[in-house]
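Morning, everyone. Please have the sequence and the structure open while I talk. I will start with aromatic rings and then move to helix packing.

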Amino acid sequence: MTSLKYLQGYPASLQEQVRLLCERGHLQAYLSSRYPGSHSVQSDKTLYTYTLEVKQAYLKNAPGIDKVLYDAKLDVMQKALGLHTSISRVHGGKLKAKKEIRIASLFKDAAPEFLKMIVVHELAHLKEHEHNKAFYQLCEHMLPGYHQIEFDLRVYLLWRDQEQNGPAIS
Ligand SMILES: [Zn+2]
C-alpha cells in the first residue's frame with residue numbers, strides 16, 4: 001500500500017488517482033508539467049519582503065508581522081502546512097505579542113506556486129485562526145486556484161518523501 005498520509009481528508013477517488021500515479025512512477029512528470037518554475041526567494045530577508053508584498057496587496061489592515069523566516073526544522077504537516085506563532089515578549093514592562101511566520105525550508109526549492117500558497121495560508125491566519133470556510137475563501141481570494149495548489153503541494157511532498165526514502169509502496 002502506498003502511504004498517502006498527506007492526502008487524508010481528500011475524496012477516495014482523488015487518493016486513488018494519486019496512488020496510480022505513484023505506482024506507475026509518474027509523480028514527477030505530473031508535477032514538473034504543472035509546476036516547472038523556480039523562484040529566487042532564498043533568504044529570510046527576501047522572504048520577509050515577499051510576504052509583506054502579498055500582505056499589502058490583500059490584507060493591508062490585518063495585524064502587522066514582525067518577522068518571517070525559513071525554518072529547516074519545521075515539520076510541514078504536523079503544523080498543518082506552516083507555523084503561525086505569536087511570541088509574547090516583555091517590552092518595558094508591557095507584554096507585546098510578536099507576530100512571526102515560519103516557513104519550512106523545503107519551500108526554497110519548491111515551485112513558486114507552492115511558496116505563494118504557503119505564504120497566503122499563513123497570512124490568512126492573521127484574520128482567521130481556524131481552517132474554516134472564511135479562511136479558505138480568503139486563501140482563494142489571495143491566490144485563485146488555492147485548493148488545487150494545496151492539493152498538488154501534498155502530491156509534491158509525497159514525491160519528495162519517495163525521493164528521500166525510496167518508494168513508499170511495499
Ligand atoms: Zn493553517
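Searching the whole structure gives six aromatic pairs. Keep in mind that this is a predicted model.

Tyr-10 has 22% relative accessibility and counts as partly exposed. Phe-151, at 6%, is buried.

Now a second pair, Phe-114 and Tyr-156. Here the centres are 5.4 Å apart and the planes are at 40 degrees, so the pair is tilted. This pair also links distant parts of the chain: Phe-114 belongs to helix α4 (residues 112-124) and Tyr-156 to helix α6, 42 residues apart. Buried or exposed? Phe-114 is buried, with a relative accessible area of 1%, and Tyr-156 is buried too, at 10%. Both residues are also part of a cluster, in which ring pairs link Tyr-35, Phe-114, Tyr-156 and Trp-159.

Next, the helices. Two packed helices are described by the angle between their axes and the distance between the axes.

How does α4 lie against α6? Their axes come within 10 Å and cross at roughly 115 degrees, which makes α4 roughly perpendicular to α6. The crossing is left-handed. On the α4 side the contact is made by Glu-113, Phe-114, Met-117, Val-120 and His-121, and on the α6 side by Tyr-146, Ile-149, Glu-150, Asp-152, Leu-153 and Tyr-156. By class, that contact has seven nonpolar, one polar and three charged residues.

The axes of α4 and α5 come within 9 Å and cross at roughly 135 degrees, so α4 is oblique to α5. This crossing is right-handed. From α4, the residues involved are Lys-116, Val-120, His-121, Leu-123 and Ala-124; they meet Phe-135, Leu-138, Cys-139 and Met-142 of α5. These divide into seven nonpolar, one polar and one charged.

Key: Residues are numbered from 1 along each chain as its sequence is written. This is a predicted model: local features need pLDDT of at least 70, side-chain atom pairs count only at pLDDT 80 or more; totals for chains, interfaces and linings use all residues. Side-chain values use heavy atoms; hydrogens and water are left out. Rings of Phe, Tyr and Trp (its six-membered ring) pair if their centres lie within 6.5 Å; planes under 30 degrees apart count as stacked, over 60 as edge-to-face and the rest as tilted. Buried means under 20% relative accessible area, exposed over 50%, partly exposed in between (1.4 Å probe, protein chains only). Helices (H or I, at least four residues) and strands (E, at least two) are DSSP runs, numbered from the N terminus. Axes are lines fitted to C-alpha atoms, for helices over the stretch in contact, and angles run from 0 to 180 degrees between N-to-C directions. Angles under 35 degrees count as roughly parallel, over 145 as roughly antiparallel, 65 to 115 as roughly perpendicular and the rest as oblique. A crossing is left-handed if the near helix is turned anticlockwise from the far one by less than a right angle, and right-handed if clockwise. Contact means heavy atoms within 4.5 Å. Ala, Val, Leu, Ile, Met, Phe, Trp, Tyr, Cys and Pro count as nonpolar, Asp, Glu, Lys and Arg as charged, and the others, Gly among them, as polar.
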